[in-house]
Amino acid sequence: MRFDIISCQPDLLESPFSHSIVKRAQNKGLVEIHLHDLRKFAINKYGQIDDYAFGGGAGMVMMIEPIDKCISGLRAERDYDAIIYMTPDGQPLNQKIVNQFSLLQNVIILCGHYKGVDERVRQQFITHEISIGDYVLSGGELGAAVLADAIIRIVPGVLNDESSALTDSFQDGLLAPPVYTRPADYKGLQVPEVLLSGDTPRVEQWRFEQAVARTRERRPDLLD
Ligand code: ADE
């Protein structure tokens with residue numbers, strides 16, 4: 001799977017893609033991430049990519065021309081399955097959307113800044129608009145990192161233990177059950193006996209019950 005991420009602050013994205021599972025996915029050749037600096041497509045030698053909003057008001061608006069040049073250049077090279085714009089007024093991200101995106105081959109993610117992008121960008125180029133939550137970030141980069149990370153870890157072959165992504169919170173509509181590791185007794189704090197029993201069906205039943213109980217307590221909306 002290939003990601004092309006368009007940003008006016010691509011340096012912000014270097015670190016999230018240089019570690020751990022996301023890094024391993026790239027090293028294994030399962031994922032490619034290409035960062036594109038929007039300023040390279042600026043309309044003048046001063047690196048201008050934004051301008052005042054027509055009609056007045058505070059805040060700058062990202063111009064259509066640099067974004068058009070960048071996206072058109074990419075589209076001339078290959079077809080894209082999705083061109084995603086990160087924005088607080090987008091569709092709230094959830095595991096179902098992540099699962100759907102993970103089936104795609106080529107994806108562009110456009111990171112917004114300032115007051116957002118000229119509406120014509122959204123009309124002409126964008127196929128999906130995604131928000132990572134009901135709060136406003138200073139730019140779409142952290143949202144893009146969250147989205148790409150969530151997708152990449154479930155791309156087939158990325159996780160060593162294939163089953164572990166399937167038992168994540170949300171993957172079956174439930175929060176994940178509690179987990180424990182050694183020691184079985186830490187200063188009198190005991191691990192539930194069933195987990196030490198070696199009785200796999202009992203363990204599975206316990207985990208399911210715990211997942212349901214935890215979901216009912218913390219996120220009853222998921223059970224509806
Ligand atoms: N850009 C700014 N805020 C955002 C949010 N909540 N989600 C996605 N992109 C954003």
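Which residue of β6 stands opposite Ile83? Ile108 does.

This is a predicted model, where local features need pLDDT of at least 70, side-chain atom pairs count only at pLDDT 80 or more, and totals for chains, interfaces and linings use all residues. Residues are numbered from 1 along each chain as its sequence is written, and side-chain values use heavy atoms, with hydrogens and water left out.

**The sheet**

Strand β5 covers residues 82-92, and strand β6 covers residues 106-111. The two pair in the parallel sense over five bridges. Two strands count as paired if DSSP finds at least two bridges between them. Strands (E, at least two residues) and helices (H or I, at least four) are DSSP runs, numbered from the N terminus.

β5 is also joined to strand β7, residues 128-131, by five bridges. These two strands run parallel. Here Gln91 stands opposite Ile130 in β7.

Five strands form the open sheet, in the order β2-β1-β6-β5-β7, with parallel pairing. β2 (32-37) and β7 stand at the edges with a single partner strand each, so one side of each has no neighbour in the sheet. Neighbouring strands are turned by 30° against each other on average, direction ignored. Axes are lines fitted to C-alpha atoms, for helices over the stretch in contact, and angles run from 0 to 180 degrees between N-to-C directions.

**The helices**

Helix α3 spans residues 95-101. With β5 and β6 it makes a right-handed β-α-β unit. Right-handed means that, with the strands pointing away from the viewer, the path from the first strand over the helix to the second runs clockwise.

Helix α5, residues 141-152, lies across β1 (2-7), β2, β5 and β6. α5 runs at about 175° to β1. Contact here means heavy atoms within 4.5 Å.

**The ligand**

Residues around the ligand include Met86, Pro88, Ser131, Gly133 and Leu137. A residue is near a molecule if one of its heavy atoms lies within 4 Å of it.

The table lists polar contacts, each a pair of N or O atoms within 3.5 Å.

| Backbone atom of | Ligand atom | Distance |
|---|---|---|
| Thr87 | nitrogen | 3.2 Å |
| Ile132 | nitrogen | 3.0 Å |
| Tyr135 | nitrogen | 2.8 Å |

Taken alone, the ligand exposes 260 Å², and the protein buries 97% of that. Accessible areas come from the Shrake-Rupley method with a 1.4 Å probe. β5 and β7 are the elements that give two or more residues to the shell around the ligand. β5 gives the most, with three residues.

Terms used
A polar contact is a pair of N or O atoms within 3.5 Å; within protein, one must be able to donate a hydrogen and the other to accept it, and residues adjacent in sequence count only if both atoms are side-chain atoms.
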